[in-house]
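Got a chain on the screen and want to talk it through? Here are a few quick questions and answers about it.

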Amino acid sequence: MAELQMLFTPGVIGTMRVPNRIVMAPMVTNYATADGYLTDRSIAYYVERARGGVGYITIEHATVAPNGRGSPGMLCLFDDSYGSGFTRLIEAVHREGGRIVVQLNHAGRQALLHCSLGEDKGIVAPSAIPCPVRGGNPRELTVEEIRSLVDAYAGAALRARRAGADGVELHMAHGYLMFSFLSPFSNRRRDEYGGDAAGRMRFPLEVLDAVRDVLGEDFPVICRLSAHEYVEGGLVIEEGLRIADALVEHGADALSITAGSAITYRHTMGPYYQPRGNLIHLAEAVKQRVEVPVIGVGRIPDPRLAEEMLRAGKADFIAFGRALLADPHLPKKAREGRFDEIIPCIACNSGCVDRRLSAGLYTACLCNPLTGNEEELRVAPASKRRRVMVVGAGPAGLQASLVASQRGHEVSLWEQDRRLGGNYRIAVLPPGKEETARLLEYFEGALRRSRVRVEMGKR
């Protein structure tokens, strides 16, 4: 549609042709097994996003080494035994017409000790400096170990290509291993892998060179970079721009620009009190320097906002993260002009961030109970049509009414108040929480389009 002309213009990253400018950002789900293998739940989750029409999907980070897991359900790709699961996932996404990129990572000092799958249980880092959030006692990597990790990244990249991936993304952001080498906050080495900017860039650039060598020039390699750390004594945008230049010189086909680390994830995964598009200025700064496509990210819940950013030349592609947890069919609905039907992301960070980072549980979504349950909770026609009464029009009652109606039941929703929403209306009142009211607006619109009979003022 003309309103979103830029967003739905095809694009190219290396040799990968992308049907539109919407990228699914990599997001940890913890859907993998305890040993890091893909599950049916993982595949159903990604396939649903492919059906929704994203330009390409970035699979959440997969570790290149046994001691590089950052969460209990993190994927692994350090061994050939993991390849068949990736093949199964990638083929399923391709059957839906989707494209898929595998993100490769090592959590470094942000790894969790009990998640290691190797004999060596130690947490490793460029320097023996604990992560202020994760804690632990990381030991400094030896030069021999660093070179071994370069080979590990190259091996994992080759496995991704053999599994049928359309590209790989190297994770150089958010405080993980490669970024911790780039940052003066976490890299205090005095050898060739530390010191000045050139030394701190050495390991990530060696990884990129090795990956480029094993994959060849015809396979897309994307680098995800925190261009600003937002930590005193950490990486700042001026140095981030020099790193971006170097990555392009060493063969990166595109740059995905983000920010922050575990210490400052309020920037990385900005909650409702952060402004929309809180990181897009970083992508814009990088785009002014490099000739390859730049992917922008940072609390962009509305496809119309993404269109504005593309038209303003702030990025070449826009990565949607939590918005695709809330509604995997956001691209399709936007393309058809059905904006009111998009289940909103309200940036509450309840199910997607706090749930997995604080509790170590699998990713869910406050606004969409089907997220992570795509097969188990798929809405299907009921075998017998019934008359259903739902009492109470809070969020649970609203959702129950809509699902019952979608299944073919005759639904009455009774609410003793004169307004929908129940106690949720109180939650949206404090200053700064206006964003969260979008969920009620969605429910109100969905009810109007449904066959649910709403009875207000009924006790």
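Q: Before we talk about helix packing, what counts as a helix axis here, and how do the angles run?
A: An axis is a line fitted to C-alpha atoms, for helices over the stretch in contact. Angles are taken between N-to-C directions and run from 0 to 180 degrees.

Q: At what angle do α5 and α6 pack?
A: Keep in mind that this is a predicted model. Helix α5 covers residues 197–215 and helix α6 covers residues 237–249. Their axes sit 11 Å apart, and the packing angle is about 35 degrees.

Q: Which class of residue has seven members in the contact of α5 with α6?
A: From α5 come Ala 197, Arg 200, Met 201, Leu 205 and Leu 208, while α6 brings Glu 239, Arg 242, Ile 243, Ala 246 and Leu 247. Sorted by class, three are charged, none is polar and seven are nonpolar.

Q: Is Cys 76 buried or exposed?
A: Buried means under 20% relative accessible area. Cys 76 has 0% relative accessibility, so it counts as buried.

Q: How many disulfides does a search of the whole structure find?
A: A disulfide would need a pair of cysteine sulfur atoms within 2.5 Å. Searching the whole structure for them gives a count of zero.

Q: What radius of gyration does the chain have?
A: A compact globule with 459 residues would come out near 23 Å. The chain agrees with that, at 23 Å.

Definitions and conventions
Residues numbered from 1 in each chain as written. Predicted model: local features only at pLDDT ≥ 70, side-chain atom pairs only at ≥ 80, totals over all residues. Heavy atoms only, no water. Helix = DSSP H or I, 4+ residues; strand = E, 2+ residues; numbered from the N terminus. Contact = heavy atoms within 4.5 Å. Nonpolar A, V, L, I, M, F, W, Y, C, P; charged D, E, K, R; others polar. Buried < 20%, exposed > 50% of the residue type's maximum accessible area, 1.4 Å probe, protein only. Rg over C-alpha atoms; globule rule 2.2 N^0.38 Å.
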